[in-house]
Amino acid sequence: MQTAKVLTLDELTSFCIKRGFFFPSGRIYGGLRGFYDYGPLGVELRKEVLDDWWYFFVRRRSDIVGIHGSIITHPRTWEASGHVEAFFDFLVTCLKCGKDYRADHLLEDLGIQLTSVTLETLSSVIKERGIKCPECGGELSNPQPFNLMFTTYVGPKREKADEVYLRPETAQLIFINLKDVYYTAGMKLPFGIAQIGEVFRNEISPRGFLFRLREFTQMEIEYFVNPKRLDDCPMFDEVAEVTIQLLTAEQQERGSDTPLRITLREACEEGYIGCKWHAYWIGESIAWLTRIGLNPERLRVREHVKTELAHYALQTFDVEYYFPFMGWKEIEGISNRSDYDLRRHQEFSGKSMTLEDDGETVIPYVIEPSFGLERILLALITDAYRVVAGRPVLSLHARVAPIKVAVFPIVSKPDFTAKAREVYKLLKERYTAYYEEKGTIGRRYYEADEMGIPLAVTIDGQTLEDDTVTVRFRDTKEQIRISINQLTLTIESILAEWDTRYRGALDLTPPAHEQQLRKP
Ligand code: GAP
């Protein structure tokens, strides 16, 4: 059962704050735009998602190893990568009130669709349409490129020579450590290096709650492939028959917004995806995003049009999620970065970036799946948020639910609470667990549903007689009775079978109003 009302960003934001998932950073001082802190439920959700990502993309495989790089990196890194020169958005400032705007966002908010975001297009649209400051009606400056990297200083002096950058992506740390990882971990092409970590971008207009932040977390893989073997992907068959919703660059250039429903094999055969390794990483990405619970119907793969491609990219596909309050938005980018970065680091450092492959010396090509954690969390919470009988229920997949099990004595009497605390202690050894004895049992169930807790164990009168408890399922409200000595085993198997037995209870069909909204 789903609400017919369209979920708004305000409703979701206040839900997340009220339930302790996230708090505006520095709230007691009025907040700092673009920064959020994780609360007790958020931090557990974050950990579950990161751990599952690391398991799925690193530990489960034998061709990927991890690193953990520093946030402040040698400044030459960012000259070589092209970020000093080319990592910018366009800023316009009101000449009357001084308010700053990101030019493309300002036009977007006024309902102006741009075919490309270049200095020329932005300047001419602003001039031709006579766009003024939405706050005070003042004249706007010409758009200026604004570099998104944060700078700071290393050492006691505040001089240009000591200026360094906070990393705007984790990827470069992987490139500059490539040779060390290659030798120390004994890797052979093709292989990947993964990293999770905080990145920093001085966004002109942070917005959309967790969507556009100034500090956020990336989970990135740089996957290195011999450039002559981009179609030589031994794992391709594992994903080839996966159907995706694909919006190609060519379709967008024709003005179409209706994605193709196509298998990854067909997308390669038709030439929509440049090589099989790229298609493979699209398939693996979708597999993980749905594994943690995202509704596949709300995921589409959109190719970047030429003018949108980053300076390093040959071809990029964004995995987009359909947010009811802002439409299709990128949660992951998957790029073919060619040998751009490694060649540039070779040139700037004078150190070889070549690897051996069957007697051949190559600078590998790179396929890069790059996930933004906070956008994925926003999508997960949006996807899981339902209103059932007037109350919010957060139907998070049990795999990532911040708390797996709640324990409640049916009444707050000493015999019941003593037994319930015993059960809670037992479960807490293995799972994130929650205990509450105050309030009616109905209210405590509602609270647990809002916190996304998939299972609730209740100690009742019968427990005191025969040592059995009830286990209540958040999404179906079904209850089963089992003996306490079977409890951990039963919970273990319920969590393990969540996909096959329990997830099925949820109706994943997007609600009618959303289908209506999504019509091109
Ligand atoms: N290394 C490639 C790279 O950084 P990107 O598309 O700029 O590519 C990758 O970023 C992901 O990081 C995006 O798909 C998005 O999920 C996340 N991301 C980017 N900018 C963000 C921001 N300002 N706030 C939150 N997440 C962001």
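Predicted model: local features only at pLDDT ≥ 70, side-chain atom pairs only at ≥ 80, totals over all residues.
Colleague: Which atoms of isoleucine 331 and arginine 337 lie at what distance from the ligand?

Modeller: For isoleucine 331, a backbone N or O atom lies 2.8 Å from an oxygen atom of the ligand, whereas for arginine 337 a polar side-chain atom lies 3.4 Å from a nitrogen atom of the ligand.

Colleague: How do you know which residues are around the ligand, and which come nearest?

Modeller: A residue is near a molecule or strand if one of its heavy atoms lies within 4 Å of it, and of the 20 residues around the ligand, Glu169, Arg201, Glu220, Glu330 and Ile331 come nearest. By class, the shell has 6 nonpolar, 4 polar and 10 charged residues, where Ala, Val, Leu, Ile, Met, Phe, Trp, Tyr, Cys and Pro count as nonpolar, Asp, Glu, Lys and Arg as charged, and the others, Gly among them, as polar.

Colleague: Which strands each supply at least two residues of that shell, and which gives the most?

Modeller: β10 (215-225), β15 (327-338) and β18 (365-372) each supply at least two residues, and β15 gives the most, with 5 residues. Such elements are DSSP runs numbered from the N terminus (helices are H or I with at least four residues, strands are E with at least two).

Colleague: Why is the pair of phenylalanine 175 and phenylalanine 224 called edge-to-face?

Modeller: Their rings are 6.3 Å apart centre to centre, with 80 degrees between the planes; rings of Phe, Tyr and Trp (its six-membered ring) pair if their centres lie within 6.5 Å, and planes under 30 degrees apart count as stacked, over 60 as edge-to-face and the rest as tilted, so the pair falls in the edge-to-face class. Phenylalanine 175 lies in helix α7 (residues 171-176) and phenylalanine 224 in strand β10, so the pair ties together parts that are 49 residues apart in sequence. The structure holds 30 aromatic pairs.

Colleague: How do you know that β4 pairs with β5 and with β6?

Modeller: Two strands pair if DSSP finds at least two bridges between them; β4 (residues 88-93) has 3 bridges to β5 and 4 to β6, both in the antiparallel sense. Leucine 91 stands opposite arginine 102 in β5 and opposite glutamine 144 in β6, while valine 92 stands opposite tyrosine 101 in β5.

Colleague: What is the order of the strands in this open sheet, and why is one side of β5 and of β6 left without a neighbour?

Modeller: The 3 strands form an open sheet in the order β5-β4-β6, with antiparallel pairing. β5 (100-102) and β6 (144-147) stand at the edges, each with a single partner strand, and therefore one side of each has no neighbour in the sheet. Neighbouring strands are turned by 45 degrees against each other on average, direction ignored, with axes being lines fitted to C-alpha atoms (for helices over the stretch in contact) and angles running from 0 to 180 degrees between N-to-C directions.

Colleague: What lies between β4 and β5, and what between β19 and β20?

Modeller: β4 and β5 form a hairpin with 6 residues between them, and glycine 98 in the turn has a positive phi of about 85 degrees. β19 and β20 form a hairpin with 2 residues between them, where alanine 389 in the turn has a positive phi of about 50 degrees. Strand β19 (residues 385-388) is joined to strand β20 (residues 391-394) by 4 bridges, the two running antiparallel, and tyrosine 385 has leucine 394 as its bridge partner in β20.

Methods:
Residues numbered from 1 in each chain as written. Heavy atoms only, no water. Polar contact = N/O pair within 3.5 Å; in protein donor to acceptor, adjacent residues only side chain to side chain.
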